[in-house]
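Have the structure open as you read.

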Amino acid sequence: MNALEMPAFRCGKCLAGPYRSREQANDCCTCTECGIEKDARSSFCKPCWQKRDAAREAKAFAAATKIPLAEYGHSHVYAEGHGDEGYLDVDSIDDEWADGVGRPEYVWGCSDQDTPTFDLRDEIANRLSDEYHERVVESVLDGGDEVERAQALITQAMQRGHGFMEDQSVAVLLSGIDEVAP
Ligand SMILES: [Zn+2]
Ligand SMILES: [Zn+2]
């Protein structure tokens, strides 16, 4: 076969490459949104990411149900950088921004997750069925009532696995709270 030569380009700044086109190489360290210099591993420069994040957040806030803190029913809210990985006890909101500095106008709500489930029969069957004959699997599962009894205990334990997640369909309004220092 006759080999054809293919053009290759490198980024003039970080020397990453090869890129198939001059445009791709030029875009390597240039923000495609605003044209200023950016990190090669990121699509946009930092200010552009911040602008995008802010726009996404504003859109989510506009669409969210807005509830004053006093009428909010859940035990936790979500505020990035606060509480336990963002999850903040409603009762500690005032302590978190005790001097009022940086206190946001709203935080995101939380909603409950479904109780986790675990099907022991399924797990045992999956685990054994590759290696053992069907009749062996059956005798393990149905030979006695151990699996059922164990399942009952597991289900009981799962009831405690009651979690909650950030829910951006609810914005909890913090402004206008009496406790905020003047
Ligand atoms: Zn580059
Ligand atoms: Zn940019």
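The expected span of a helix is 1.5 Å times one less than its number of residues. Keep in mind that this is a predicted model. Helix H2 covers residues 46-63 and has 18 residues, so its span should be 26 Å, and its end C-alpha atoms do lie 26 Å apart, in agreement with that figure. What about its surroundings? A residue counts as buried if 20 or more other C-beta atoms lie within 10 Å of its own. In H2 the number of buried residues is 0, so this helix lies largely in the open.

Now step back to the whole chain. The protein has 6 helices and 5 strands, and from the N terminus their order is α-α-β-β-β-α-β-α-α-α-β. The domain assignment gives domain 1 as 7-63 and domain 2 as 120-158. The centres of these two domains, taken over C-alpha atoms, are separated by 52 Å.

Let us look at a residue in helix H4, which runs over residues 120-129: Ser 129 has its place there. Is Ser 129 buried or exposed? Ser 129 is exposed, because 12 other C-beta atoms lie within 10 Å. From Ala 25, Ser 129 is 104 residues away in sequence and 53 Å away in space, C-alpha to C-alpha.

Finally, consider the overall form. The C-alpha trace spans about 80 × 70 × 25 Å along its principal axes. The radius of gyration is 28 Å, whereas a compact globule of 182 residues would have one near 16 Å. Of the 182 residues, 10% count as buried.

Note on methods:
Residues numbered from 1 in each chain as written. Chains lettered and ligands numbered in written order. Predicted model: local features only at pLDDT ≥ 70, side-chain atom pairs only at ≥ 80, totals over all residues. Helix = DSSP H or I, 4+ residues; strand = E, 2+ residues; numbered from the N terminus. Domains from an automatic or database assignment. Rg over C-alpha atoms; globule rule 2.2 N^0.38 Å.
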